[in-house]
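Here are my notes on this one, in numbered points. Keep the viewer open and click along as you read.

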Amino acid sequence: MKNYDVIVIGAGPGGMTGALYASRANLSVLMLDRGIYGGQMNNTAAIENYPGFKSVLGPDLAKDMYDGATQFGAEFAYGSVDSIEDHGDHKVVKTDDGDYSAKAVLIATGSEYKKLGVPGEDNYGGRGVSYCAVCDGAFFKNRDVIVVGGGDSAIEEGIYLAGLASKVTIVVRRDQLRAQKILQDRAFANDKIEFVWNTNVTEIQGDKMKVTGVATHNNQTGETGHLDASGVFIYVGTLPMTTAFTDLGITDDAGWIKTDDHMATAVPGIFAIGDVRQKDLRQITTAVGEGGTAGQAAFNYLETLK
Ligand code: FAD
């Protein structure tokens, strides 16, 4: 089994920053990810709120962060982590491709899209139902699409889709948006975007091959209806990627990992970073800040083992 000072699980912005700080402190570091480095940045077109850039493409920022994270010797390996065994002064990280050992572990596995949970959603996945406008928006050029949700991701991606689609209808289950004011202002000013308020999507409908629209229910009037569309983009929240860590007793009831200000969990030597944490603001800036804190905290923890 290969041994490291620090293993970082998840190579999104948080994990890559943790790896940068730990390796620059001269620790041996392995980043493990079940996919390509970059995490959710790979699903984001223009990032306009990362300091130092007026606007930067997500995959470009991911590549720059990866180059920075590996410049002091941090390694990267593919592997989907199934569990962590805590043996006090060392931890065993078990993956689908073998086991690794480390004195400290940084968990930076992020979160994933919540499904709407309505009939048709699974059937039409990849045939009109999407959770990523940047990935799939181009398939809907000059066609009508629906966005479900009222938070930052829904509005941000609705604006992105308006640059491609002929019309974007945003279906919101409340009478107002949760998204940041600047995003709301942009969406309201965009004449390709329409809003349908107080409405739940109750079914994704199609012709068996592809999506043709959605069934709706107005939760104020009780009225039911149908909206035509070729694509349905769903942004109704996120779930923590923590099933591999539930046995450690470090998560809250909803599955988010609890930490202190040093990103330390209840298990000494295990830290958590970024979207996977119990916190308010899930963004790249917050993930990288926590990555720096956790990388340094791991160094301090290793000093206590000497
Ligand atoms: P993630 O980026 O989610 O990375 C987690 C990594 O862990 C992934 O690579 C995943 O493959 C890996 N992983 C998960 N489980 C395992 C496992 N068991 N084993 C191995 N690897 C695993 N933020 C901004 O600041 N500005 C924006 O403009 C912006 N736009 C966004 C647009 C969209 C559509 C989305 C979805 C998000 C956006 N965000 C934006 C949010 C931002 O992308 C996240 O806050 C940020 O990526 C979180 O970083 P992270 O490192 O915590 O996790």
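1. Before going on, a word on what you're looking at. This is a predicted model, where local features need pLDDT of at least 70 and side-chain atom pairs count only at pLDDT 80 or more, while totals for chains, interfaces and linings use all residues. Residues are numbered from 1 along each chain as its sequence is written.

2. Back to Ala-19, which sits in helix α1. (Helices, H or I with at least four residues, and strands, E with at least two, are DSSP runs numbered from the N terminus.) Leaving out residues up to four places away in sequence, Ala-19 touches Val-8, Val-29, Met-31, Ala-69 and Ala-74. Touching, or contact, means C-beta atoms, placed from the backbone, within 7 Å.

3. Now find the ligand. It is surrounded by 37 residues, and the closest are Gly-10, Gly-12, Gly-39, Gly-110 and Gly-274. A residue counts here if its C-beta atom, placed from the backbone, lies within 6 Å of the molecule. Two or more residues of this shell come from each of α1 (13-24), β2 (29-33), α4 (152-162) and α6 (284-304).

4. Among the buried ones are Ser-153, Glu-156, Glu-157 and Leu-161. The cover over the buried residues of α4 includes α3 (133-136), β11 (144-148), α5 (181-189) and β17 (231-234).

5. Next, a sheet. Three strands form an open sheet in the order β14-β15-β16, with antiparallel pairing. Its edge strands, β14 (199-206) and β16 (224-228), each pair on one side only. Two strands pair if DSSP finds at least two bridges between them. Seven bridges join β14 to β15 (residues 211-218), and Thr-199 stands opposite Asn-218 in β15. As background, strands of a sheet pair through backbone hydrogen bonds, either parallel or antiparallel.

6. Finally, the record. An unreviewed UniProt entry lists residues 4-291 as "domain: FAD/NAD(P)-binding"; such annotations may be inferred rather than shown by experiment. In the model, residues 4-291 are 20% helix and 31% strand, and the end C-alpha atoms of that span lie 18 Å apart.

Definitions and conventions:
Buried ≥ 20, exposed ≤ 12 C-beta atoms within 10 Å, placed from the backbone. Contact = placed C-beta atoms within 7 Å.
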